[in-house]
Amino acid sequence: MKKNKTALPLAEKNKRLKKALTRLGLLLLIFALFITVYEMSLIFRFYEPVILAYYILAGVGIIAVFILNRGFNSRPTKREELSDDLTEEEKDAYLEEEKHRMGISRVLMYFILPLIVIIFIDLIDIYFGGIYKSLLSSLGGKTQ
């Protein structure tokens, strides 16, 4: 039997799993907060300002991530890829600043992704909500 050289130790796997579950939990918590505000806006009839704010926040967030990542580049620049004209201190400063920018963009994604999902839910409800309501009423369900 061949030994898998890329296999991670159990402690490393548990650490990665815990980190992934923490990230997923944080993402779901933020989604729950945004969807609660969205649903309350539907119930208490202040839908327009809330959905407008969600659209603006999602748009500004996407543009900010695009600018922070300098495009769609998600991998950090390697020291060898930097210009030879730069001094070692300038290279260190650039790499540190790039690391900081990418960290900010990762945090922004925790807010952007739930907003995008809620916007999709809203658009589906706007354009296909009548289909669901008629389907439910034909199955004997009550609609408002």
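This is a predicted model: local features need pLDDT of at least 70, side-chain atom pairs count only at pLDDT 80 or more; totals for chains, interfaces and linings use all residues.
Residues are numbered from 1 along each chain as its sequence is written, and side-chain values use heavy atoms, with hydrogens and water left out.

Let me start with confidence, given as pLDDT, which is the predictor's confidence in each residue on a scale from 0 to 100. The chain has a mean pLDDT of 87, and 88% of its residues reach 70 or more.

Now the overall layout. The chain holds 3 helices and 0 strands, where helices (H or I, at least four residues) and strands (E, at least two) are DSSP runs numbered from the N terminus. Of the 144 residues, 21% count as buried, and here buried means under 20% relative accessible area, exposed means over 50%, and partly exposed is in between, with a 1.4 Å probe and protein chains only. Contact means heavy atoms within 4.5 Å, and of the contacts in the chain with a separation of 6 or more, 64% are between residues 24 or more positions apart.

What does the largest nonpolar core contain? A nonpolar core is a set of buried Ala, Val, Leu, Ile, Met, Phe, Trp, Tyr and Cys residues joined through side-chain atoms within 4.5 Å. The largest one has 13 residues, of which Phe34, Tyr38, Ile51, Tyr54, Leu115 and Ile118 touch the most other members. The elements α1, α2 and α3 each give two or more residues to this core, and α2 gives the most, with 5 residues. Tyr38, leaving aside its neighbours within four places in sequence, is in contact with Tyr47, Val50, Ile51, Tyr54, Ile118 and Asp122.

I turn next to the aromatic rings. Rings of Phe, Tyr and Trp (its six-membered ring) pair if their centres lie within 6.5 Å, and planes under 30 degrees apart count as stacked, over 60 as edge-to-face and the rest as tilted. The whole structure has 3 aromatic pairs. Why is the pair of Phe34 and Tyr54 edge-to-face? Their ring centres are 5.5 Å apart and the planes stand at 65 degrees, so the pair falls in that class. Because Phe34 lies in helix α1 (residues 10–43) and Tyr54 in helix α2 (residues 47–68), this pair ties together parts that are 20 residues apart in sequence. Both residues count as buried, Phe34 at 13% relative accessibility and Tyr54 at 5%.

Phe34 also forms an edge-to-face pair with Phe111, at 6.5 Å centre to centre and 65 degrees between the planes. Since Phe111 lies in helix α3 (residues 88–138) and Phe34 in helix α1, the pair ties together parts 77 residues apart in sequence. Phe111, at 38% relative accessibility, counts as partly exposed. Phe34, Tyr54 and Phe111 form one aromatic cluster.

Finally, consider Val65, which lies in helix α2 and is buried, with a relative accessible area of 11%. Apart from its neighbours within four places in sequence, Val65 is in contact with Ser105, Leu108, Met109 and Ile112. Val65 and Met109 are 44 residues apart in sequence, and 7.8 Å apart in space, C-alpha to C-alpha.
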